[in-house]
Amino acid sequence: MQPLLLRTPRGLAYADERDEDRSVEDVLLSRADAGALSQRTAMERLLCQVCSAPAVRTSAGVLWRLPLPTSDHRWDSWPEGAMTTEPPVCLRHSSLAGPGHGHGAFFAAEAEIIGVHGTLYPAPRILASPVQRMLRFSDPRMPWMVATHFVRQLRRLTPADEQGEER
């Protein structure tokens, strides 16, 4: 059963809101999906997206495996500053991180949580339907967001090979 959402003067809130319903940044977190809780935990603690073990960390950064943004599947098509809701990978699952199959593997020396993805509800007196969207924490619409996923921005990228090692 979905919790009752209320519109308050400061934004959305659950009728029976608890401390754990909000992030450190005061964003309302979805209760509806157990997978969303796992994702947020993995992103906060940099745990493997497959098994929740600690992600691979080297001097080059933390290992990530993400879908490539273009159909040519080349490393050089990946932009610096990519934003993702996908957690990193551990050593055991780093073999899944190799290039190919539309995915790229790389280390990110910087991976800051910059916002959330979830359902953005219209502010009062705005006639619109809720939409799925990513918002940065600084966005003034954040009080009307129910977040399902944390978003990290990845910087200072180094390509990784099929074994999860620097190329």
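Here is a walk through this structure, from its central strand out to its pockets.

What you are looking at is a predicted model, so local features are taken from residues with pLDDT of at least 70 and side-chain atom pairs count only at pLDDT 80 or more, while totals for chains, interfaces and linings use all residues. Residues are numbered from 1 along each chain as its sequence is written, and side-chain values use heavy atoms, with hydrogens and water left out.

Let's start with strand E7, residues 103–120. Names like this come from DSSP runs numbered from the N terminus: helices (H or I) have at least four residues and strands (E) at least two. Of the 18 residues in E7, 13 are buried, so the strand is largely enclosed by the rest of the structure. Here buried means under 20% relative accessible area, exposed means over 50%, and partly exposed is in between, using a 1.4 Å probe and protein chains only.

Which strands pair with E7? Two strands count as paired if DSSP finds at least two bridges between them. Strand E5 (residues 61–67) runs antiparallel to E7, joined by six bridges, and one spot to look for is Pro67, whose partner in E7 is His103. Strand E9 (residues 145–159) is also antiparallel to E7, with 13 bridges; there, Gly118 has Ala147 as its partner. Then comes strand E8 (residues 131–136), antiparallel again and held to E7 by six bridges, with Val116 facing Leu135 as a bridge partner.

Next, the nonpolar cores. A core is a set of buried Ala, Val, Leu, Ile, Met, Phe, Trp, Tyr and Cys residues joined through side-chain atoms within 4.5 Å. In soluble globular proteins, nonpolar side chains tend to be buried together. The largest core here has 25 residues, and those with the most contacts inside it are Trp64, Phe106, Val116, Met142, Met145, Ala147 and Leu154. Strands E2, E3, E5, E7 and E9 each supply at least two of its residues, and the largest share, six residues, comes from E9. There is also a second, separate core of nine residues, including Cys48, Val89, Cys90 and Phe107.

Now for the charged side chains. A salt bridge is a side-chain nitrogen of Lys or Arg within 4 Å of a carboxyl oxygen of Asp or Glu, and a search of the whole structure finds nine of them. One joins Arg10 to Asp26, with the closest N and O atoms 3.6 Å apart. Arg10 sits in the loop between strand E1 (5–8) and strand E2 (11–14), and Asp26 in the loop between E2 and strand E3 (28–29), so this pair ties together parts that are 16 residues apart in sequence. Asp26 also forms a salt bridge with Arg22, where the closest N and O atoms are 3.8 Å apart. Is Arg22 buried or exposed? At 16% relative accessibility, Arg22 counts as buried, whereas Asp26 is partly exposed at 41%.

Another pair is Asp16 and Arg31, whose closest N and O atoms are 3.0 Å apart. This one links distant parts of the chain, 15 residues apart: Asp16 is in the loop between E2 and E3, and Arg31 is in the loop between E3 and H1. Asp16 is partly exposed at 42%, and Arg31 is partly exposed at 25%. Salt bridges that share partners join Asp16, Arg18, Glu20, Asp21 and Arg31 into one network.

A couple of backbone angles deserve a look too. Most residues other than glycine have a negative phi. Asp26, though, has a positive phi near 70°. Arg156, in strand E9, has a positive phi of about 55° although it is not a glycine, and Arg156 is exposed, with a relative accessible area of 52%.

Finally, the pockets. On a 1 Å grid over the protein atoms alone, a pocket is an open set of points with protein on both sides within 12 Å along at least five of seven lines, and lining residues have an atom within 4 Å of a point. Grid points are joined across faces, edges and corners, and a volume is the space filled by probe spheres set on the points. The largest pocket holds about 240 Å³. It is lined by 16 residues, and the closest to its centre are Glu20, Leu29, Ser30, Leu37 and Arg40. Helix H1 (residues 34–45) gives the largest share of that lining, five residues.

Key:
On a 1 Å grid over the protein atoms alone, a cavity is a set of points where a 1.4 Å probe fits but cannot get out, and a pocket is an open set with protein on both sides within 12 Å along at least five of seven lines; lining residues have an atom within 4 Å of a point.
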